[in-house]
Amino acid sequence: MRGRRKPPAAPLPQRDGIDAVRVRLPEDPEGRWASVGAHLADRFGGAIGVDRVGRMLAAGRFVGADGVAVRGDDPYAAGRYLWFHRDFAAEEPVPFPVGVVYRDERIVVADKPHFLATTPRGRHITETAVARLRRELALPELQPAHRLDRLTAGLVLFVVRPEERGAYQTLFRDRLVRKEYEAVAPYDPELALPRTVRSRIVKERGVLAAREEAGEANSESRVELVERRGSLGRYRLLPATGRTHQLRVHMNALGLPIVHDPLYPEVAEEGAADDFSRPLQLLARVLEFADPVSGEPRRFESGLRLSAWPEG
């Protein structure tokens, strides 16, 4: 069986750093749709309303591969590609810049601030690191090689060329990247450190917090105490795996919940996770790997600092 042909390039430019949505008209053996408009009404009417779909068609919001607006009464043609831009809800700006630690023709290493999502998801679309960097650096094809939790600050590796993204993603998939984090959390004189924590972490869709359960371990983190100041400690965290909220879960399990964590040990009231004055005290400080394209060793260090542990 022949594979599906590669879709044509999008005829619409990005808007606010976000690609246009691509739609492929599916096969229709039962002849349900006489026109493009009938299919689009079925496909999107439940989410945005049939009337809204009609208004978008009338306004020329849907275009074909040639960039020409599609008419609602155009005959249905299975396999045809269409594009359109979504309407973005207003988002609260994250009032911190995205720093650039390193940039060349292949990669961009960014210092993502707290509260900024790495990629569009849910209610965070244009206020994301990838959308901001595409706009600010004029790199419309920029893509992340991995993700960093929205509430965590620090280093994120982005790839400039789409054809090289897979090589860098493979580094993270195969655990060939040394990642070092820093956290501020309570100090416990009774807890012997350093130590390696292993457990089985489960994160259910729609549930904010992950949990540990009995069974074969799927996560591993090394926890080291770097420095103590009164009741707080500064910790070096070295994850060997990358489960959702892994470091936060492991620190909480040790009785050392990270300062300003809105989920561990207890889920805080709605809105607490977006209090810009109380950032989660967790920072992705170091990324280290052998470049999969050039072979050269790479090491990058964040220029950010955790507010609960000022220098001096």
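Residues are numbered from 1 along each chain as its sequence is written. In this predicted model, local features need pLDDT of at least 70 and side-chain atom pairs count only at pLDDT 80 or more, while totals for chains, interfaces and linings use all residues; side-chain values use heavy atoms, with hydrogens and water left out.

Here are the helices and the strand discussed below (DSSP runs numbered from the N terminus: helices are H or I, at least four residues; strands are E, at least two).

| Element | Residues |
|---|---|
| Helix H1 | 36–48 |
| Helix H2 | 50–58 |
| Helix H3 | 129–137 |
| Strand S12 | 282–290 |

Let's start with H1 and H2, which pack at an angle of about 130° with their axes 7 Å apart. Axes are lines fitted to C-alpha atoms, for helices over the stretch in contact, and angles run from 0 to 180 degrees between N-to-C directions. On the H1 side, Gly37, Leu40, Ala41, Phe44, Gly45 and Ile48 meet Val50, Arg52, Val53, Met56 and Leu57 of H2, where contact means heavy atoms within 4.5 Å.

Turning to H3, seven of its nine residues are buried, so H3 is largely enclosed by the rest of the structure. Buried means under 20% relative accessible area, exposed over 50%, partly exposed in between (1.4 Å probe, protein chains only). Among the buried residues are Arg132 and Arg134. Strands S3, S4, S5 and S6 are what the buried residues of H3 pack against. Ala138 follows H3 and has a positive phi, near 55°.

Finally, Leu283 lies in S12 and is buried, with a relative accessible area of 1%. Leaving aside neighbours within four places in sequence, Leu283 has contacts including Thr152, Tyr181 and Leu304.
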